[in-house]
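Here are my notes on this one, point by point. Have the fold in view as you read.

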Amino acid sequence: ERMTVSSGNGKGVPRRKPPPVQRRETPSSSDQDSFAKRSTESEAEDGEDEDDNNDITKIVQKLPKGVDLASARQILNDIVVRGDEVHWEDIAGLEGAKKALKEAVVYPFLRPDLFSGLREPARGMLLFGPPGTGKTMLARAVATESKSTFFSVSASTLTSKWHGESEKLVRALFGLAKVLAPSIIFVDEIDSLLSARSSGSEHEASRRSKTEFLIQWSDLQRAAAGREQSAREKKEGDASRVLVLAATNMPWDIDEAARRRFVRRQYIPLPEQHVREQQLRTLLSHQHQELNDDDIQVLVQVTDGFSGSDITALAKDAAMGPLRNLGEALLHTPMDQIKPMTFRDFEASLYSIRPSVSSDGLRRYEEWAREFGERG
Ligand code: ADP
């Protein structure tokens with residue numbers, strides 16, 4: 001089973017020139033830099049594989065004893081995200097969440113000297129809310145804007161491994177994050193790792209990976225609390241600049257002890273009216289279309305209850321309208337004779353693209369947010 005890399009995941013993140021591994025250039029680490037540089041060129045050319053391997057070997061050599069090398073390699077290959085960057089302005093709305101993330105992560109990573117003592121940032125933040133509302137995008141923007149290495153892993157990957165393997169993977173993940181610090185460890189579907197169920201009799205393996213995860217995370221928190229790091233620990237990377245960002249669509253499944261460890265819990269709600277308008281306008285701005293302001297206002301109204309990802313899906317489907325009408329003629333119609341998108345195309349798509357969250361489902365998020373979350 002292969003782990004997924006969240007870049008190029010077909011979720012419609014705007015394409016940009018592929019950047020290097022998303023990390024800060026730290027002066028003392030020439031071999032890391034060459035890894036970062038190399039990774040911009042990787043994947044496409046097979047001839048580069050050997051050099052890639054050399055760079056990976058150098059990084060792996062810095063890892064503390066007890067980190068499984070095969071797991072570390074797997075993470076470097078599959079979990080360190082390269083490719084499309086996400087920037088704040090790519091994300092519609094969510095101003096409160098952006099502000100919270102800047103203050104809690106981005107600024108402290110860029111100016112660690114300012115954020116100590118009482119200003120010591122939290123070591124973890126939970127993003128919760130309905131699916132498709134921009135949690136992954138936010139995490140990726142944080143990595144871009146804080147110039148950090150971005151590790152993206154879905155919790156089910158960490159729990160699905162056979163006996164012993166998932167613990168090794170968790171250890172390797174945190175080990176590498178320290179070596180390549182500043183780092184963001186983004187864990188999607190965190191509920192499946194930290195659920196109340198996995199602490200019970202359920203799966204021995206997932207209980208153990210949960211325990212390992214919590215141990216590793218505590219180590220980061222201790223490092224952040226200003227405890228002097230030993231020479232050995234320093235050699236193993238900067239634990240004080242590793243942060244866990246986690247996302248979930250099912251916050252209520254996280255057990256209470258784990259929930260409390262996330263000092264910050266940020267609600268990522270469905271987009272409000274003005275945010276839907278902003279997103280629709282952005283999506284349409286790249287397209288040959290002739291919707292007027294009234295059309296857009298109607299769309300903003302009828303998409304009440306849609307997530308950001310539902311709106312993207314709707315616009316993508318509607319964009320197919322002018323082509324669908326052509327039938328086979330599509331194969332020889334010149335570009336300049338393709339009709340612009342119209343309101344009609346959206347009307348047709350609204351039959352098939354429906355909101356993915358029910359209003360009952362939504363109420364549950366709102367209640368959880370009221371009880372345990374921050375909004376914005
Ligand atoms: P989540 O992690 O909350 O499930 P994602 O961040 O993966 O959702 O979003 C999925 C897709 O939906 C994105 O790639 C993007 O196309 C669209 N999308 C979701 N939220 C937003 C938003 N706030 N602004 C712009 N696009 C969004």
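1. Contacts, to start with: two residues count as touching if their C-beta atoms, placed from the backbone, lie within 7 Å. Of the contacts in the protein with a separation of 6 or more, 80% join residues 24 or more positions apart.

2. A word on provenance: this is a predicted model, where local features need pLDDT of at least 70, side-chain atom pairs count only at pLDDT 80 or more, and totals for chains, interfaces and linings use all residues. Numbering runs from 1 along each chain as its sequence is written.

3. Overall, I get 16 helices and five strands, taken as DSSP runs numbered from the N terminus (helices H or I, at least four residues; strands E, at least two). Buried residues come to 42% of the 376 in the protein, with buried meaning that 20 or more other C-beta atoms, placed from the backbone, lie within 10 Å of the residue's own.

4. The five strands make an open, parallel sheet ordered β2-β3-β4-β1-β5, pairing being called when DSSP finds at least two bridges between two strands. Since β2 (149–154) and β5 (264–267) are the edge strands with a single partner strand each, one side of each has no neighbour in the sheet.

5. Inside that sheet, β1 (residues 124–128) runs parallel to β4 (residues 242–248) over five bridges. L126 has A246 of β4 as its bridge partner.

6. Do look at α14 (residues 308–324): its 17 residues reach 24 Å from first C-alpha to last, close to the 24 Å expected at 1.5 Å a residue, that is, 1.5 Å times one less than the number of residues. Its buried positions include G308, I311, L314 and A318. Among the elements covering the buried residues of α14 are α12 (273–285) and α15 (343–352).

Methods
Buried ≥ 20, exposed ≤ 12 C-beta atoms within 10 Å, placed from the backbone.
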